[in-house]
Amino acid sequence: MIHHRRSGKRALLALTSIGLAATLVAGCGGTTKDNAESGSGSGPNADKVADPDAPIKEGLQIAFLPKEIDNPYENIVDEGGISAVEELKGSGKEVGPSDASASSQVSYINTLVQQNQDAIVIAANDPNAVAPALKEAMDKGIAVVSYDSDAAVDARQVFVNQADSESIGRSQIQMVSEQIGGKGKIAILSATPNATNQNTWIEFMKDELKKPEYSDIELVTTAYGDDDDQKSFQETQALLSSTPDLKAIVSPTTVGIAAAARYISSSPYKGKVVLTGLGTPNQMRQFIKDGTVKEFALWDPEQLGYLAGYAAAALASGQITGKEGEVLKAGELGEREIGKNGEIILGPPTTFNADNIDDFDF
């Protein structure tokens, strides 16, 4: 069953960095396209030349493939991307599985190739598992952009990253350390074990913990809620039961932090165990107001999708190839220079707390 959403409306929010923002700076078939280049999967940007003055083609068909179709955060991202595509006189759609598994994503990639889409924009559940299907898509001339959670570098042309990965990871430890007074046991509640973004952030979190100033903080375990609300809820319960003296949980995933907050808010741990991480203001507002959570962070997911939509259209039109040093023209977001390995960075996140959370609506 194909799950599908469309959106024709977007309201970009201008985010102002607050608090920790300075440090913050989660069967291949079909017709082969005429502009397909053989071997693109083994080096997607090699032998291609960008034409910055090329017009964006009208009528582009661009599909957004989230980790799972019912992930509220990624729905917002994809709505932003679809609005960008429609702004460029193209057609955008969101399709995806109801479970956050790489094998399920592969079947959707294969279908999109059969449909002869101009571009696929994907948040990969596993960077390597989806790679063969994405390479097949590129071999057929379909532009491939990853966002939020990267695919293998040779299986896409551009990766639109929400913010600098190292800063995101280190800032998570900085936030939790401040809230627990620099000492105590902490745990991480992640998404899926193979999620590229989560694992990258967690590695930087662990590295940050090696610094002398965090010598009194002990990371006891990393749990995985698989970006599923109920499983994340249950993993939170298990973490608190298995470690009675746990001081904090860091959840760098919007599904995880919301589920953890729901559990803690109605438990004896409320006010005793710190919860922070990455979440959306609308999901977390009630938990900020009732005192379950003091502060958390995130970027504007709609802007992330908007940027990815423009990147996909520019790739499909030949304006960019994804090579380092090229410049992407991204509509209302201005220009972004493409970095190493085809990475484009949206910008620093915002820290949300009781003082500013009502200023945001996403």
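Thr243 sits in the loop that links helix H7 (229-242) to strand S9 (246-251). The model is predicted. Thr243 has a relative accessibility of 13%, so this residue counts as buried. What does Thr243 touch, not counting residues up to four places away in sequence? Its partners are Lys185 and Val220.

**Helices H7 and H8**

Helix H7 leads up to that loop. How do H7 and helix H8 (residues 254-265) cross? Their axes come within 8 Å, and the crossing angle is roughly 55°. H7 and H8 are therefore oblique to each other. The crossing of H7 past H8 is right-handed. On the H7 side, the contact is made by Asp229, Gln230, Ser232, Phe233, Thr236, Gln237 and Leu240. On the H8 side, Val255, Gly256, Ala259, Ala260, Arg262, Tyr263 and Ile264 take part. Sorted by kind, the residues of this contact are seven nonpolar, five polar and two charged.

**Aromatic pairs**

How many aromatic pairs does the structure hold? There are six. One of them joins Phe233 and Tyr263: the planes of their rings stand at 85°, so the pair is edge-to-face. Phe233 belongs to helix H7 and Tyr263 to helix H8, so the pair ties together parts that are 30 residues apart in sequence. Are they buried or exposed? Phe233 is buried, with a relative accessible area of 18%. Tyr263 counts as buried too, at 12% relative accessibility.

Phe352 and Phe362 form another edge-to-face pair. Phe352 lies in strand S15 (residues 350-353), while Phe362 lies in the segment after S15, so this pair ties together parts that are ten residues apart in sequence. Phe352 and Phe362 are buried. These two residues also belong to one aromatic cluster, together with Phe296 and Phe360.

Here are the values for the two pairs.

| Pair | Centre to centre | Angle between planes |
|---|---|---|
| Phe233 and Tyr263 | 5.3 Å | 85° |
| Phe352 and Phe362 | 6.2 Å | 70° |

**Helices H3 and H4**

Now to another helix pair. The axes of helix H3 (residues 102-114) and helix H4 (residues 131-139) come within 9 Å. They cross at roughly 10°. What does that angle make them? Angles under 35 degrees count as roughly parallel, and H3 and H4 are therefore roughly parallel to each other. Which residues make the contact? H3 supplies Val106, Ile109, Asn110 and Val113. H4 supplies Ala133, Leu134 and Ala137. The contact of H3 with H4 divides into six nonpolar residues, one polar and no charged.

**Gln179 in helix H5**

Gln179 is found in helix H5, which covers residues 165-179. Its relative accessible area is 17%, so Gln179 is buried. Which residues does Gln179 contact, leaving aside its neighbours within four places in sequence? They are Val274, Thr276, Lys294 and Glu295.

Definitions and conventions:
Residues are numbered from 1 along each chain as its sequence is written. This is a predicted model: local features need pLDDT of at least 70, side-chain atom pairs count only at pLDDT 80 or more; totals for chains, interfaces and linings use all residues. Side-chain values use heavy atoms; hydrogens and water are left out. Helices (H or I, at least four residues) and strands (E, at least two) are DSSP runs, numbered from the N terminus. Buried means under 20% relative accessible area, exposed over 50%, partly exposed in between (1.4 Å probe, protein chains only). Contact means heavy atoms within 4.5 Å. Axes are lines fitted to C-alpha atoms, for helices over the stretch in contact, and angles run from 0 to 180 degrees between N-to-C directions. Angles under 35 degrees count as roughly parallel, over 145 as roughly antiparallel, 65 to 115 as roughly perpendicular and the rest as oblique. A crossing is left-handed if the near helix is turned anticlockwise from the far one by less than a right angle, and right-handed if clockwise. Ala, Val, Leu, Ile, Met, Phe, Trp, Tyr, Cys and Pro count as nonpolar, Asp, Glu, Lys and Arg as charged, and the others, Gly among them, as polar. Rings of Phe, Tyr and Trp (its six-membered ring) pair if their centres lie within 6.5 Å; planes under 30 degrees apart count as stacked, over 60 as edge-to-face and the rest as tilted.
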